[in-house]
Each structure stands twice: as C-alpha cells, then as structure tokens.
Amino acid sequence: MRENDVEVNLLNLPMDPGLRHPISYYNVNIQDQVRRQYLQNGPCQPKTHNFPLRHFGKQSRRFNSAWFDKYGNWLEYSIAKDAGFCLCCYLFKPEIGEQAGGESFTKHGFTNWKKPERLRVHVGCSNSVHNDAWRSCQDLMKQEQHIQTMYSRHSNQTKSEYRARLQASIDCSSNRGNFLELLKFLADHNEDIKAVTLENAPSFLKVTCPDTQKDIVSACAIETTNAIIREMGDAFFSILVDESRDVSIKEQMVVVLRYVNISGQVVERFIGIEQVSSTTAQSLKEAIDRLFSRHGLSMSRVRGQGYDGASNMQGEFNGLKTIILRENECAYYIHCFAHQLQLALIVVAKNHIQIESFFAIIANVVNVVGASSKRCDALREKHAEEVVKALNLGDLSSGQGLNQETTLKRCGDTRWGSHYNTLLSIINMFSAVISVLEMIIDDGPKSGQRGEAKNLLELMLSFNFVFCLHLMRNILGATDELCKLQLQTMRQSGWNSLIDEVTFFCAKHDIDVPNMDDMFVDRGRSRRKAQEITNLHRYRVELYYAVLDMQLQELNSRFNETNTELLLCLACLSPNDLFSAFNKQKLLRLAQLYPNEFSTIDIMALEIQLDTYILDMRTSGEFSELKDIGDLAKRMIETKRHNVYPLVYLLITLALTLPVATAKSVTKPNRLRNRMGEQCMNDSLVVYIKKDLFNNIDNEVVMQRYQYMKTRKGQL
C-alpha cells in the first residue's frame with residue numbers, strides 16, 4: 001500500500017536498506033521529510049556484524065567492514081539481504097535503469113564481494129549519477145536554498161529570535177506539565193524569552209501548535225535513542241521484553257536493552273514501545289527485527305533474552321526465545337529469576353495444606369489488627385512500649401536507624417516475596433499483635449470481630465504457628481536473596497538451628513513447646529483417622545523436609561540445565577569474601593558456552609590468565625571489599641585491570657549482560673494514554689524514562705534535528 005496522506009512515522013523508518021520502501025512509495029509532499037530523516041541518521045553501517053560468507057566458485061568471501069571507512073558517506077549494508085547499498089542513490093536515483101542510477105546499489109543490492117572495485121566504479125566521475133545524487137543530498141540539508149525559504153530572507157535578528165523561541169519550546173518539552181502554561185511561566189520569568197514568544201511571536205512562527213510540540217518531542221526522542229545506541233557502541237547486549245495492551249485492545253511490546261558500558265556499569269535502557277498485530281512468537285520476532293533494523297542493531301550481538309514464562313515467549317519449539325536461538329545460539333534465554341522464585345513459592349503455598357493454612361492465618365491477622373486506625377495506633381503504641389522495655393533490659397541496642405516505629409506489612413496478591421516482609425514484621429511485633437488481639441476480645445460486642453480475634457489468638461499462641469512462622473521466614477529469606485544453594489544447605493544441616501530458634505521464641509512469649517518424642521495429636525482430625533507419629537516426625541519430616549523438598553524440586557524444574565550451569569559458572573566470578581567462590585574449571589566452562597567470543601586458542605590463553613588474575617585479586621587491597629560482580633567490573637575499569645586481563649573481563653561483561661529480571665511494563669491502559677497517539681506516547685516515554693540521558697543532550701543538537709525533520713518557515 002502506498003503512503004498517501006497518512007502521517008509518516010519518522011522514528012519507524014527501517015534503517016536496514018534492504019527493507020526500505022522506494023522513495024516513490026511516499027507522497028510527494030513528505031518525500032523530503034523521509035530523505036532528511038535518512039540523512040540525519042546516516043548510512044546503515046553495522047560494523048560489528050558477523051558478515052556471512054558467500055561462495056564464488058571454489059572461494060568464499062564476505063562483506064569487508066573496511067569499505068565503510070573508504071566510502072563512509074554513502075555505503076550501507078543490509079543485514080536482511082547480505083548486500084551493499086548506496087544511501088544517496090536510494091534517496092535521489094533517477095528512474096532510468098541500471099546504467100545511469102545503478103540499481104544494484106539501490107534495489108537489488110551489491111553482493112559481488114570478489115570485485116570491490118565496483119564500489120569505486122559506482123562513484124564514477126564528477127558528473128556521475130552518484131555524485132549528482134550526493135549533491136542533491138547536500139542541497140536538501142541546506143534549507144536556506146529551498147524555494148519555500150527564498151521568498152523571505154531572514155535577518156540575523158529574526159533568526160536569533162526564532163532560535164530563542166525554539167529553544168524555549170524544547171526546554172518545555174522535557175517537563176510533564178502543561179506545555180503552554182510552562183512556556184508562559186518561562187516567559188514571565190525571563191524577559192528575553194518573553195520578548196519573542198507567545199503573543200510577541202509572529203503568527204506563523206509561534207512554535208506552540210500541537211504538531212510542532214509533537215515534532216519537538218519526536219526530535220528529543222530520536223536524539224535520546226541515538227545517545228543510547230552510541231553509549232552501547234559495539235558492546236554485547238541482552239533484550240528484555242514484556243507485553244501489555246491498552247483500552248482499545250491494541251497489543252504493545254515494551255523493549256529494554258541491557259549492556260555493560262565503558263565504565264563497567266550494568267545499564268538497562270528503555271528503547272521504545274513496538275505495536276504488534278498479535279502476541280504470537282512470530283509477530284513479536286518481526287517487531288524486534290523492525291526495531292533492530294531502525295536502530296542499526298545486529299542480532300549477532302545479542303547474548304541474552306529476558307521474557308516472562310508464557311508459552312509464546314519460552315516455548316521449546318515455536319516460542320520467541322527458540323526462534324532467536326535458531327538465529328543466534330549464544331542468545332541465552334533467562335526467565336526472570338525473581339519471577340521463577342515467585343512461581344515456586346506459589347506452588348508450595350498451594351500444594352502443602354499446612355503452609356496454605358498458615359498464610360491464610362497471616363492474612364487474617366493483618367486484616368483484623370490493621371482494620372482501623374485505632375487498632376494501628378494501638379499496635380504502634382504497644383510495640384513502642386515493648387521496645388522501651390527491651391532497651392531498659394539491654395535486650396536491644398540503641399542507635400540511629402534502629403528500633404524505628406513500624407506496622408504490619410500487607411502481603412501482595414501475586415508478589416509472594418512480599419510475604420517475607422510480612423513475616424518479619426509479625427516476628428518483630430509479635431507481643432504487640434497479641435496485645436491488640438486481646439484488646440479486640442475485651443472490647444465487647446462493639447468490636448464485631450471478637451470471635452475471629454479469639455481464634456487467631458489461639459492459633460498464634462501455638463507451637464505449630466511459631467514453627468511455620470520461622471520456617472517460612474528462613475525459606476523466604478533464602479529465596480529473597482535468590483540463593484538455591486542456601487536452601488539445599490538448610491535442608492542438610494539447618495534443622496537444629498531452626499528448632500533452637502523456635503524454642504527460644506516460644507519461651508520468650510510463654511508458648512508451650514511439645515516434647516518431640518511424644519505422639520503427635522492432630523487437632524484438626526479425628527483420632528480414628530490420625531496417624532501414629534511422633535512430634536519429631538511431624539515437624540521434621542512432614543513439615544521441614546517436605547516443604548524444603550517441594551521448594552527445591554520446583555526450583556530445579558524451573559531452572560533448566562543450561563540456566564543452572566550458567567548460574568553455577570557465573571557464581572565463580574563473585575569477588576565476595578576474597579573471591580572464595582573462584583573455580584577455574586567452571587570459568588573455563590563458562591567461556592566454552594560462548595564459542596563466538598572464545599576460540600580454542602583463547603580458552604588456552606584464558607586458563608593461564610585466570611591463574612595470574614586470581615593471585616592478583618586476592619593480594620590487592622583494591623579488590624578486598626567488593627561484594628558483587630558489578631562492583632568487580634567497575635573496579636577493573638578504574639584500575640585498568642581490564643587491559644591486563646582482557647579475557648577475564650570479557651567473561652565478566654558477558655555474565656553481567658545476562659538478564660536477571662524481566663522488563664516491567666511502563667504503560668498503564670487508560671483512556672488518556674490511548675488518545676495521545678502511539679508515536680507521541682512512545683516519544684514521551686523515551687524522553688521521560690531516559691531523562692538522565694536527555695538532560696545531557698545539548699539543545700543545539702535537538703534544534704538541528706527538529707529543523708531538518710521537515711521544511712520549516714523559520715531558519716536557525
């Protein structure tokens with residue numbers, strides 16, 4: 001379908017020359033806008049792409065990235081077609097055949113790698129079609145030569161006023177408030193701006209109409225995105241994707257890039273929202289390809305994928321991760337670790353009746369105790385009294401940030417990690433909670449919850465509740481730190497410490513502790529159906545081991561073999577405790593998982609390099625206090641060790657590039673968002689979310705981008 005009067009989305013123009021529409025596809029009124037956009041972006045030159053081989057008889061050749069340096073102002077490369085193209089001929093090629101315009105560089109693409117002299121022949125003499133097209137490109141970017149601007153020669157003063165007016169509008173565009181009100185505020189507080197804006201501006205150059213505002217935001221978004229791409233450079237990166245839909249049921253795909261910058265810092269950058277026709281894996285892959293093409297990104301540089309666990313994302317045969325893995329075997333799929341742990345906890349909570357019952361009690365306690373402001377005030381008052389009493393007895397330490405006023409924390413419906421904070425608050429405020437429940441019972445019929453409070457009080461003052469409280473606190477604490485190994489250690493040798501902890505807590509709060517050798521009495525079942533087991537068997541086997549085994553089984557099933565191996569290998573890079581987790585063989589195995597980066601010779605060199613590296617790290621005071629791999633990468637950059645151990649640093653950056661959390665949706669489906677338009681919303685989000693980058697972009701750069709997006713009446 002031909003673009004007629006439809007507004008062209010300049011941000012969505014494909015960067016890959018093999019995927020572009022011919023210029024004649026666009027309406028004549030917008031063709032210059034399209035040309036300027038491509039000239040502003042520059043030729044598509046993916047220099048770090050792994051160019052594939054083509055067979056020429058018995059020889060195999062590939063595109064040479066050195067050609068970009070020789071023909072940098074026009075030569076382009078299409079990843080989609082594995083072919084070379086000419087940007088200026090594409091933009092201004094006469095519609096007259098191969099000899100004059102060179103369709104091999106505009107329509108089909110140049111692929112004869114064994115004859116690079118064809119590039120020089122294409123340029124030709126000074127009067128060649130190519131050079132005519134190049135001069136047309138230069139003329140287009142000189143707006144003062146356009147017919148529209150020849151009618152009025154702007155004076156230097158007029159240009160200066162226009163510049164001030166445009167700069168004021170750009171300053172307003174980065175703020176989420178009302179555009180015109182903010183512009184008026186600036187004018188009221190700056191006489192120079194006031195003299196040239198709003199009612200003092202020419203009627204045709206106010207720079208305040210909605211289309212102008214959108215163009216300015218678009219220019220800001222383009223430069224912000226370009227800053228992200230420049231910052232990333234040729235670094236390896238991971239792609240994080242999440243889906244959402246607005247109130248008009250339009251499907252959207254939020255895309256985030258994760259990489260390590262030149263300072264050794266892990267960076268996650270929101271790159272935009274892609275509209276997709278459906279959420280099938282193939283549709284999502286096509287949307288990612290369009291985004292990569294627009295920004296000149298190469299799939300060969302992807303080293304990780306982070307999505308949720310839906311079948312269209314992680315399906316083994318036709319999921320998005322599988323489609324990308326077929327194209328790049330090193331783009332390892334990592335299902336959000338935190339999300340997997342959440343799901344594992346949900347399975348435990350649903351499949352073990354005692355734990356399900358325990359969390360139901362916790363929810364009721366929070367609801368009853370926190371049902372009114374009066375009860376919340378009473379809870380804080382009782383807790384404050386307990387804290388003062390403990391301080392006087394020396395049971396608590398005083399100091400800044402300690403023993404602050406708190407309250408019970410509610411559990412999230414799906415964020416099961418939030419239960420950890422709830423359990424911590426109940427343990428910390430146990431006596432105060434008991435006091436509030438007793439207060440509700442003593443309040444008489446007016447409380448309306450006496451019966452429920454009495455039942456909760458009896459349940460909380462039981463050994464069974466306290467045992468489950470501490471057991472789940474420890475399990476949730478281990479999963480909150482994303483430590484599967486800690487759960488395994490707890491399974492093997494944690495029973496004695498847990499039972500001692502529970503016994504001490506019961507003694508502190510006058511709760512009866514059963515004799516572990518006595519027979520267990522299940523109050524919830526008849527004696528006829530009760531099993532003849534001891535208390536020790538009940539709590540150690542049926543609760544402690546059963547819950548931990550269920551948790552470990554779920555984690556093992558959700559972390560596949562490749563992911564588990566990656567995790568174990570990555571852990572060996574940790575600098576914590578003087579690099580105590582270092583294991584050379586596992587790190588060599590990690591390198592083998594990236595065959596494109598580590599050849600056989602590199603593996604041999606890495607083995608020697610690791611010996612020197614670990615000796616240096618353990619004897620250097622500069623690395624003695626580090627806690628995680630991110631700190632290690634930054635310190636290696638600061639001390640220039642990344643140049644001394646380049647292969648080790650490459651391993652570290654690959655490890656940090658792997659996504660450990662899924663991109664969060666940045667849009668909420670509401671009617672106001674739906675009315676503002678897809679492109680305007682995307683541009684606004686890019687500028688707002690990445691305002692740290694945008695604030696460092698000079699206004700002059702944005703003004704030049706805005707100026708050349710289309711023909712303007714005003715001139716800079």
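## Aromatic pairs, a helix crossing and selected residues

Ring pairs join F51, F63, W67, F68, Y71, W74, Y77, F105, F110 and W113 into a cluster. Rings of Phe, Tyr and Trp (its six-membered ring) pair if their centres lie within 6.5 Å; planes under 30 degrees apart count as stacked, over 60 as edge-to-face and the rest as tilted. The structure is a predicted model, in which local features need pLDDT of at least 70 and side-chain atom pairs count only at pLDDT 80 or more, while totals for chains, interfaces and linings use all residues. Residues are numbered from 1 along each chain as its sequence is written, and side-chain values use heavy atoms, with hydrogens and water left out.

Across the whole structure, a search finds 28 aromatic pairs. The ring centres of F463 and Y539 are 5.0 Å apart and the planes stand at 85°, so this pair is edge-to-face. The pair links distant parts of the chain, 76 residues apart: F463 belongs to helix α21 (residues 463-480) and Y539 to helix α24 (residues 535-558). Helices here are DSSP runs (H or I, at least four residues), numbered from the N terminus. F463 is buried, at a relative accessible area of 5%, and Y539 is buried, also at 5%. Buried means under 20% relative accessible area, exposed over 50%, and partly exposed in between (1.4 Å probe, protein chains only).

Two arginines lie over aromatic rings, as tabulated below. A charge sits over a ring if NZ of Lys or CZ of Arg is within 6 Å of the ring centre and within 35 degrees of the ring normal.

| Charged residue | Ring | Distance from ring centre |
|---|---|---|
| R20 | Y38 | 4.4 Å |
| R301 | F236 | 4.2 Å |

The axes of helix α16 (residues 353-369) and helix α19 (residues 430-442) come within 10 Å and cross at roughly 65°. Such axes are lines fitted to C-alpha atoms, for helices over the stretch in contact, with angles from 0 to 180 degrees between N-to-C directions. On the α16 side V365, V368 and V369 meet V433, V436, L437 and I440 of α19, where contact means heavy atoms within 4.5 Å.

T224 lies in helix α11 (residues 210-232) and is buried, with a relative accessible area of 0%. Apart from neighbours within four places in sequence, T224 contacts V686, V687, K690, L693, F694 and I697.

K640, in the loop between α29 (629-638) and α30 (641-644), has a positive phi near 65° although not a glycine. K640 is exposed, at a relative accessible area of 51%.

Technical notes:
Helix = DSSP H or I, 4+ residues; strand = E, 2+ residues; numbered from the N terminus.
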